[in-house]
Each structure stands twice: as structure tokens, then as C-alpha cells.
Amino acid sequence: MRKAKTSSRREPTIALINIVFLMLVFFMVAGTLSQPLDKDLSLVRTADLEGRSPPDTLVVHPDGRMSFRGEDIASAEDFLERRSEEEREVVRVVPDQELSAQTLVNLARDLRGAGAQRVVIVTERGLE
């Protein structure tokens, strides 16, 4: 009886290494690298700037009281009456951090119901 000859064929790892190397070279060439900034360039620092709300915003205090340009506002309708038709398209609201979410949602609903096209909430990051 003869034994069946088993062949110990090795896996072609060299071919796999070549493919990975070619892919690496392709992505290095095809990828875009950003140019480094000039060493003489000094970027603007915004951390020291005073962040404050724009003058055309409706400010909502923690107790739900509203003010516009330093004057108290009774309701959303009263606020929109002071604005022109063009200014009613986008209404910016600056809520206090302690204001409840339900109060803010109700205010946005009232503003939309009174004729505001869009209600934008200005946050702390937006002021930075």
C-alpha cells in the first residue's frame, strides 16, 4: 500500500503584502494633505471677546418674563407687533439656561401662531 502524498503548499503571503503595500502607496498619493500654516501667522483669539445677544433678539428670563431691547414684553403677539413684516420672518430667542423646556416650547408655538415664519434659539455656543 502506498501512502497518499500530502502536499504542504504554503499560502502566498508575499502577494498579500504586495497588495497591501500598493494600497498604502495609492492612498498616500491620492489623499490630499493640507498645507501647514505659516509660522509667522497669528490666529485671532475669540476667547476674550464679550459674548452678548444680538440687539434684535427676544430674551426670555428664568421666570418666563420676556424682554426686547431692555423693555419688558407682555406676550408673543406684543413682541411681533413691534416688528416689521420682514423682521417677522426669523425671530431669534435667547432663553436663560434655567428656563424650563416646556415654557420655551410654548413660547415658540405662540410666536409661530402669531405670525413668525421661523423661530431660532440662540445658545451660548452661538454667541461665542
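Is D63 buried or exposed in this structure? D63 is exposed, its relative accessible area being 59%, where exposed denotes over 50%, buried under 20%, and partly exposed the range in between (1.4 Å probe, protein chains only). The structure is a predicted model, in which local features need pLDDT of at least 70 and side-chain atom pairs count only at pLDDT 80 or more, while totals for chains, interfaces and linings use all residues. Residues are numbered from 1 along each chain as its sequence is written, and side-chain values use heavy atoms, with hydrogens and water left out.

The chain contains four helices and five strands, arranged along the sequence as α-β-β-β-α-β-α-β-α. Of the 128 residues in the chain, 16% are buried.

Two salt bridges are present in the structure, a salt bridge being a side-chain nitrogen of Lys or Arg within 4 Å of a carboxyl oxygen of Asp or Glu. Side chains of opposite charge can pair when their charged atoms come close. R65 is paired with D63, with 3.9 Å between the closest N and O atoms, and R65 is also paired with D72, where the corresponding separation is 3.3 Å. D72 is partly exposed at 49% relative accessibility. Through shared partners, the salt bridges connect D63, R65 and D72 in one network. R65 itself is partly exposed, with a relative accessible area of 37%.

Strand β2 (residues 66-68) includes S67, a buried residue with a relative accessible area of 9%. The side chain of S67 makes a polar contact of 3.1 Å with that of H61. A polar contact is a pair of N or O atoms within 3.5 Å; within protein, one atom must be able to donate a hydrogen and the other to accept it, and residues adjacent in sequence count only if both atoms are side-chain atoms.

D78 lies in helix α2 and is partly exposed, at 21% relative accessible area. The D78 side chain reaches the backbone nitrogen of A74 at 3.5 Å. Between D78 and A114 the C-alpha to C-alpha distance is 9.3 Å, although 36 residues separate them in sequence.

Surface patches were also identified, comprising residues with over 30% relative accessible area and no salt bridge; like charges are joined within 9 Å and nonpolar side chains (Val, Leu, Ile, Met, Phe, Trp, Tyr) within 5 Å. Accessible areas come from the Shrake-Rupley method with a 1.4 Å probe, and for residues only the protein chains shown count as cover. A nonpolar patch of about 640 Å² consists of F21, L22, L24, V25, M28 and V29. Among these residues, V25 belongs to helix α1 (residues 13-30) and is partly exposed, at 34% relative accessibility.

E85, E86, E87 and E89 form a negative surface patch. E89 is located in the loop between α2 (76-81) and β4 (90-95) and is partly exposed, with a relative accessible area of 46%. In assigning charge, Lys and Arg count as positive and Asp and Glu as negative, whereas His and the chain ends are not counted. The place of a charge is taken as NZ of Lys, CZ of Arg, CG of Asp or CD of Glu.

Notes: Helix = DSSP H or I, 4+ residues; strand = E, 2+ residues; numbered from the N terminus.
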